[in-house]
Amino acid sequence: WECLPVDVLVKARFDVSTRTLAFMSPPMPPGTALVRVALNGQQFAEQALRITYYSPPKLIEVVPDSVPIQGGRVTVSVENILASIQARIRGGAVGDSGLALNTVSVDVEGGTAEFEVPGEVQVGPASLEISVDAGQTWTEEHSLSLYLFPPLKPTLDINYAHRGGNSLKVLKEDGLFAARSLTVRVGNVTVPAKFDIARGGVTFNTPPFDPAMPRAPRPSWAAEEEEEEGGLAYVALSFSPDNKASFAVGTLCYLKEFSFDNIKPVKSGKAAAPTAITITGSGFTDTGSLVVRFQPEEGAAVFEEASFGSETSLSVTSPEGLEPGPYQLALALDGQHGVFEECGTAFTVV
């Protein structure tokens, strides 16, 4: 048996039991080829079948790159996409046998397709592959990573933030992972987040406080102080690994405005001995994360925890081993990676 795709002869084999003809298609440029059958290798049937030759599809991106184990949708961008596209996930948490995804929509002109990942899969990484020829060939060597995540219960490292924003916060949870679509919602504002191995969690910078933010009830850990204009403000916090699923984190407290006005004494004891320093100012809050930064004129800063006294007074002890010289002091109420307010008076180590 022989077949003729355009002007190329290829051998074919007839299966008597199924009455089907099988042949290997020869290499051809992208486009449509006509296939005619000859029983004797000379006279070919007038009726022709059409075979579409396609350029190999290439996966460009999957958004989001993580999906809940309960199921969810992803959108893939594909070079040389066809309407016949199929997708599966394989390996890792799914196993080598693979799991077919349900096709939701295909946009050939836009080069994208949306798929539904079935629910009740295992937690962990998997590879996303596509096929445009009914599953005969898959993009196994050019797959994309997709992480299947469980329900999450992240916690916040420090529950307070500077009113002006830009406080670096860390979400902690054993199940957190790296993904491109990590976001945190603070009140009604969504901010990008990233997985930080060094900090052991997902980090984000708080947005500036907006009076229009919806308030959350005062949590049990917060100071017993009534919220008033310019005072403490509580807003809800939530986390999303894929910008779709959302997990409640708890409450973030925006601090009231504070000032770092003065220190006493302004010099250390002899031989750079650690010295108890009283800090005066206004608007202080007992956050449990009070930090004073000792910044020399040259070299790295040294950080020291401070103790709360009142809304106008804090105390800190200068660190041991400071080199003689002036140090610029700054205060943060929301931890070492919070926002610092500087004091106009320098502290001198003698």
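Student: Which residues are linked with Arg88 in a network of salt bridges?

Tutor: In this predicted model, the network of salt bridges links Arg88, Arg90, Glu129 and Glu140.

Student: Where does Arg88 meet Glu140, and what is the N to O distance?

Tutor: The side chains of these two residues form a salt bridge at 3.1 Å, N to O. Arg88 belongs to strand S9 (residues 86-90), whereas Glu140 sits in the loop between strand S13 (124-131) and strand S14 (144-149), so the pair ties together parts that are 52 residues apart in sequence.

Student: Is Arg88 buried or exposed? And what about Glu140?

Tutor: Arg88 is buried, at a relative accessible area of 13%. Glu140 counts as partly exposed, with 43% relative accessibility.

Student: Which residue does Glu129 pair with?

Tutor: Glu129 has a salt bridge with Arg90, and the closest N and O atoms are 3.2 Å apart. This pair also links distant parts of the chain, since Glu129 is in strand S13 and Arg90 is in strand S9, 39 residues apart.

Student: How accessible are Glu129 and Arg90?

Tutor: Glu129 counts as buried at 2% relative accessibility. Arg90 counts as buried as well, at 19%, because the cut-off for buried is under 20% relative accessible area.

Student: Is Arg180 buried or exposed? And Glu61?

Tutor: Arg180 counts as exposed, at 52% relative accessibility. Glu61 is partly exposed, its relative accessible area being 34%.

Student: Which buried residue has no salt bridge?

Tutor: Glu114 is buried yet has no salt bridge.

Student: Where is Glu114 found, and what does Glu114 touch?

Tutor: Glu114 is part of strand S12 (residues 112-117). Leaving aside residues up to four places away in sequence, Glu114 touches Arg73, Val74, Thr75, Asn102, Thr103, Val104 and Ser105.

Student: A new topic: how many helices and strands are there in the protein?

Tutor: The protein has 0 helices and 32 strands. Its radius of gyration is 32 Å, well over the 20 Å that the globule rule gives for 350 residues, so the protein is more spread out than a compact globule.

Student: What does the C-alpha trace span along its principal axes?

Tutor: The C-alpha trace spans about 110 × 45 × 30 Å.

Student: What share of the residues counts as buried, and what share of the accessible surface belongs to carbon and sulfur atoms?

Tutor: Of the 350 residues, 43% count as buried. The accessible surface comes to about 18500 Å², and carbon and sulfur atoms account for 49% of that area.

Student: What share of contacts joins residues at least 24 apart?

Tutor: Among contacts between residues at least 6 apart in sequence, 59% join residues at least 24 apart.

Student: Finally, how many positive and negative side chains are there?

Tutor: There are 25 positive and 42 negative side chains, and the centres of the two sets lie 4 Å apart.

Terms used:
Residues numbered from 1 in each chain as written. Predicted model: local features only at pLDDT ≥ 70, side-chain atom pairs only at ≥ 80, totals over all residues. Heavy atoms only, no water. Helix = DSSP H or I, 4+ residues; strand = E, 2+ residues; numbered from the N terminus. Rg over C-alpha atoms; globule rule 2.2 N^0.38 Å. Buried < 20%, exposed > 50% of the residue type's maximum accessible area, 1.4 Å probe, protein only. Contact = heavy atoms within 4.5 Å. Areas by Shrake-Rupley, 256 points an atom, 1.4 Å probe, with all protein chains shown as cover. Lys, Arg positive; Asp, Glu negative; His and termini not counted. Charge placed at Lys NZ, Arg CZ, Asp CG, Glu CD. Salt bridge = Lys/Arg side-chain N within 4 Å of Asp/Glu carboxyl O.
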